[in-house]
Amino acid sequence: MSSPHIFIREAAMPDRYDLPTGFRWGVATAAHQIEGAVDEDGRGPSIWDTFTARPGTVRDGHTGAVACDHYHRYPEDIELMRGLGLDGYRFSIAWPRIQPTGAGPADPAGLAFYDRLVDALLEACITPLPTLFHWDLPQALEDRGGWLNRDTAHRFADYTALVADHLGDRVPAWITLNEPFVHMVYGYALGIHAPGRALMLDALPVAHHQLLAHGLAATLLHERGLDVLVSNNLTPVEPASPSPADLAAADAYDTLHNRLFTDPLLLGRYPDLTAFGTGPDLHGAVRPGDLDLITATPLTGLGVNYYNPTRIAAPTDPSLPFTFAEIPDVPHTAFGWPIVPDGLRALLVSLHDRYGTALPPVTITENGCSTTEGLDDPTRISYLSTHLDALATAVAEGVDVRGYYTWSLLDNFEWAEGYHQRFGLVHVDFATQQRTPRASYTWYRDLIAAHRARCAKEGSV
């Protein structure tokens, strides 16, 4: 990627972004981060319920048991979305609400909740964009091996069919997986997310079984006339120096983070993984015909979740072929992530250059930042503004980007950080569940309105 650009502190005017006609504006959330009601209406336990019950796993012992109470307060949250003038809402369906044990018939109460949610969104003229798996695997499946068990992919296909048959008449596009890379690394390799395993490189079969699950689910969705996307966390990777050792380390990390999941989906093959001690069989997980199944249904779109670039140096630990290096001279979010807006442009252009005609249209399915600011949040406004500027530059350079979903509508349960990291356009008082729009909410509303007004003036809508 190009050298990082310094964070631009002044917010751009909300009508400056030259984005295409029909560009879709949205927000994103996830079930376990906002729904709460973990013991209601037959919902079964997920791996996150089990993980957060173990002392020391989540900061200050926080859990998602109540979260934002979206399960009961979704009408209020949809009114907030309506106030933004959104085109779409990306949310996730809690697998344990549909199949409490990860198998068997659908629970009627679980389906009924998503019926109500989808119908309310459509009434507000907001298109639902559901994610089928956003990390809340039913605990019963984890007890049988979780994503290390090939059978979990088939259970995911069964779950997909149940949900698609029920909601597919109203929901045109579906995301199968959210950030399978992060789930594999944080959940199975490092153990800092649920299910809390620390397998290091022995976690690589998790990658293949998630991709197999996608392939099975994508076929079922396509048979029902539905569009199919995958959302993954991607990052531009730069070496810490031009030295051969740093260049090799950066290439290895790029292979793991960006290509391990994207190459099979778009090219039908795994990248060279010899730096990680395995061939294209991923420690024996890949069987004949698997890659054909994964690519049998081409993606309608690729969801890109972008937060920051990654700087890599030669390894200092013999167990991995790389080490992380600091990006100098840039500010950081409250989460400690470097703020490099141009990284989004660099990432999108690199996808375009790497995959060419194999790259489907892209949607930014997550982008946002955590701050310590209150209702006046100029840091978030500037973060979003500069990243949208970088996005518009990528579009001008030829990348087909169809939409932008910021993370997130609400402050929420931020996984191992509990309630300490606040990403919301809307502030949530977790003691009272009161929602209060921040300045960034108003800014985003005005940006969407300005884009629509420009398109109307040009006669394109």
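## Largest pocket

By class, 30 nonpolar, 11 polar and six charged residues make up the lining of the largest pocket. Ala, Val, Leu, Ile, Met, Phe, Trp, Tyr, Cys and Pro count as nonpolar, Asp, Glu, Lys and Arg as charged, and the others, Gly among them, as polar. The pocket holds about 1,100 Å³ of space. Its lining has 47 residues, and Phe 181, Tyr 186, Tyr 253, His 257 and Trp 337 are the closest to its centre. A pocket is an open set of points on a 1 Å grid over the protein atoms alone, where a 1.4 Å probe fits, with protein on both sides within 12 Å along at least five of seven lines; lining residues have an atom within 4 Å of a point. Grid points are joined across faces, edges and corners, and a volume is the space filled by probe spheres set on the points.

α8 gives the most to this lining, with six residues.

## Basis of the model

This is a predicted model: local features need pLDDT of at least 70, side-chain atom pairs count only at pLDDT 80 or more, and totals for chains, interfaces and linings use all residues. Residues are numbered from 1 along each chain as its sequence is written, and side-chain values use heavy atoms, with hydrogens and water left out.

## Second largest pocket

The second largest pocket has a volume of about 330 Å³. It is lined by 17 residues; Arg 24, Leu 129, Ala 173, Leu 229 and Thr 363 lie nearest its centre.

Conventions:
Helix = DSSP H or I, 4+ residues; strand = E, 2+ residues; numbered from the N terminus.
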